[in-house]
Structure formats: C-alpha cells, structure tokens
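Please keep the sequence and the model in view while reading.

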Amino acid sequence: MAKLFYRLFILLYRLIIYIVAPFNKKARKAIKGRKRLSSKIEQCLSDNTSPLIWFHCASLGEFEQGRPIIERFRVEFPNHKVLLTFFSPSGYEVRKNYVGADYIFYLPWDTKKKAERFIDITRPVLAIFVKYEFWYHFISNLHVAQIPILSVSSIFRPKQIYFRSYGGFYSSILKKISHFFVQNRASKILLNKNNIDNVSVAGDTRFDRVAKIVSSKQDLPYVARFKGESKVMVIGSCWPEDLEVLMSFINESNLKFIIAPHEIDGRCQKIIQHECLRKTLLYSNIEGMSGEEQVLIIDNIGLLSSLYGYGDYAYIGGAFGSGLHNILEAAAFGIPVFFGNKNYTKFNEAVDLINLGGAVAIGDETQLRQEFRRFDDQNTLQIAGQVNRDYVFDNTGATEKVVAYCKNILTS
C-alpha cells in the first residue's frame, strides 16, 4: 500500500509541475530539461567505455557539498567518468557546464520504468547521493544490481518520516544504502536505533569546500575599489523577508553594503532599488563606478563565496523563510555572521557558532542594532572572526574519509 501511495505521490507531483509551468519559470525548466531525457542520456553515453561514478544532488547547496568529493575523484580515479544529476533547476541550470563532471543531466522522474532504464543505460560502478534525496525506484534498482550506494554528508532527525511509526516503507529505502557518512553522532545513533549499522561519522564536506574557497579566493579589483577604507557588510542570499529587518539599518548605517539577492532580477533587487536611500550600483555596471556608491547589488551568479573575503561582517538570508542559507563561506573568511532567528536551529553550524560567539540570530531591526554594537570594539570583532575561521578549518576532513572508503570499494 505504501508503495502505491509513493507512486501516486510522484504522479501527483509531476501533474502539479505541469499545471503550474505556464506561470512558474522553474517548473517550465524542470519539464523542458526532462523532455526525452532518457534518449539524451543514452545518446551521450553511447560511446563511453570507462567505468562511471554517479553523483546525485538535489540542488545547488547539495552540489557544493558533493563538489569536494567529485574533485578528489577526478584526481584519484582518472580512468573513471563522472555522471552528475540534479533534481532541481536551481542546481542544474547553474552547474550544467561544470567542468568537473563528464555528463550532467536532470534526474529523471522516479518511476519504475524510468529508473530501470536510467540504471540500464548508465551502469554506474558506484552511486553517491549527497545529503538527502532517497528515491525509492532508483535506489531499489541500484540495490538489485548490487551497485554500491553511498549517502554522504547526510543528517537525520527523529521527526523525519523514516523514523515515524508509519514510515516503514521509507525506512526500507534507507536500509538499501550500502554506507552512510553522516554529519554528526546524533544521526548515527538514530540510524543505529533503527537497525541501520553501516554508518560512519565523517562530518560535513561543506567544510572542505569552503576551506578550499578561502585558499583560492577570486580577486575582484572593482569590489576592492568599492570597499576602499570603509567597513563592509556582505548580505548573502537575501530574501525580501530579510530586507524588512535590514533596510532601515542599511539606510542609516555608516557601513557600505554588498547585497547578493537569492534570486537575480527578482523582487529582492527591486525592493533594494526602490527603498534604499543610499546610492546603489549594480555589479553589472561596476566598471562605471563613480566612487560615491554605498550599496553594491550583485546581479550575477558565482561571486558570493569570494565576496565574503571583502567583508568585515556578514548577514546570511533565508532564516525568516524556508531555512538559513550557507553561513560557512562567510565564517571561513573570519568575519562575524548575523542571520534571522526563525528557521536556523536545524543547521548545526549556526547553533555551534552562536554558542561560540561568532554568530548572532536576530529577530528584528532593534535587536540587529543592539547586537551589532557589540562588534564596534575591534578586539571583539577580531575574536569573533577568529572563532568562526577556526571552527571551519577544525572541521575539515570529511572528503578524505569518503574517498578512502571508495578506494576500498573500487580497487577490491
């Protein structure tokens, strides 16, 4: 019965995507990207004779977690090809030209026939699912074919459906995974309690990724010129809900601001341009900078991780909505981090950095001003920044653990 409900859910989900497509750009891209997808994959792989390793990421955030492993695989297994799939257009459209993978596609819908055909076409020697995304038909077909399946950087909580009294079907999916590399001990204990023992605590591969970003930061001369001698707050992955708290602070502060909206050309950018009382500049026009601008709006993709290197403070968006975005990139550059106080507690790094004194969760503009004043003292600012940087670099190493395990699989 549960399997039937799962199939009906997939069918209903696809139906909803088709219904909303005329009004939703992401839905249209999801449909277009999967049109005749199996045939495209078959055609692209028709000449491949190399063993294939399949990485699957839900979206862009999961890709950044999987990226350190992919890049190590390219070094350790030069004779293998890398297949990378995404479920969401937010991941595929941004990384469809990523040079670290040989083949990049949308993940086909998880139906019995599509999953069977996908596995039959690709025939991976190893499948790696990053963080989440446990699709029944894909995992079942891999399991039947005796293809090792790894879950990396995964994290589990008691309230997830896998651990509910009615979640037996979903728990059975997890039991087909060959090995879990989880982020924390709590996840390991939870899996062990549910008779899943093939678990290692490896940590989060995002730490490895952001550590590498710091060491290879992109130089942005125009951003350095914008900063000048001023202190700068970088506002990353900004949503309109964040601006409700931030805008008065931006208008009245002596800081300069670099703001990267979560969605380019979306409502966030329009709000900034309409409500900001200070002189603004789009990054796409930065070569024409006059020197009088105080707010730089980032209207392209791919710069944010390097922009934190020009900040003295960071505010990371998302916590007033569906969830806090990545704070580790900012922390790795050794600057204190602010974010909303509504939806951050499921992110271990946010809780850890608050407890360590390097991050602050704020609920409104008044609290933002109060908390910010604590960092007016240069010594406090430096200590908070060093705490954040140390936290990131002390937690690297997850990639090495995963790759070492994979060596045993692929060379045995």
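The model is a predicted one, in which local features need pLDDT of at least 70 and side-chain atom pairs count only at pLDDT 80 or more, while totals for chains, interfaces and linings use all residues. Residues are numbered from 1 along each chain as its sequence is written, and side-chain values use heavy atoms, with hydrogens and water left out.

Trp54 belongs to the largest nonpolar core, which has 71 residues and in which Trp54, Phe73, Leu84, Phe156 and Phe180 have the most contacts. Such a core is a set of buried Ala, Val, Leu, Ile, Met, Phe, Trp, Tyr and Cys residues joined through side-chain atoms within 4.5 Å; buried means under 20% relative accessible area, exposed over 50% and partly exposed in between, with a 1.4 Å probe and protein chains only. Another core, of 43 residues, lies apart from it and includes Val214, Ile316, Ala319 and Val337.

Helices (H or I, at least four residues) and strands (E, at least two) are DSSP runs, numbered from the N terminus. Both Phe156 and Phe180 are buried.

Phe338 and Phe375 also form an edge-to-face pair, with 5.7 Å between centres and 75° between the planes. Phe338 sits in strand 13 (residues 337-340) and Phe375 in the loop between helix 17 (365-373) and helix 18, so the pair ties together parts 37 residues apart in sequence. Phe338 is buried with a relative accessible area of 0%, and Phe375 is buried with 1%. Ring pairs link Phe338 and Phe375 with Phe249, Phe257, Tyr313 and Phe372 into a cluster.

Which residues of helix 7 are buried? They are Tyr136, His137, Phe138, Ile139, Ser140, Asn141 and Leu142, so that helix 7 (residues 136-144) is mostly covered, with 7 of its 9 residues buried. The elements that cover these buried residues include helix 1 (2-20), strand 1 (52-57), helix 6 (112-122), strand 4 (126-130), strand 5 and helix 8.

Helix 10 (residues 206-215) and helix 18 (residues 378-394) pack with their axes 8 Å apart and at an angle of about 120°. Axes are lines fitted to C-alpha atoms, for helices over the stretch in contact, and angles run from 0 to 180 degrees between N-to-C directions. Helix 10 and helix 18 are therefore oblique to each other, given that angles under 35 degrees count as roughly parallel, over 145 as roughly antiparallel, 65 to 115 as roughly perpendicular and the rest as oblique. Phe207, Val210, Ala211 and Val214 in helix 10 meet Arg389, Tyr391, Val392 and Phe393 in helix 18.

Conventions: Contact = heavy atoms within 4.5 Å. Phe/Tyr/Trp six-rings, centres within 6.5 Å; stacked < 30°, edge-to-face > 60°.
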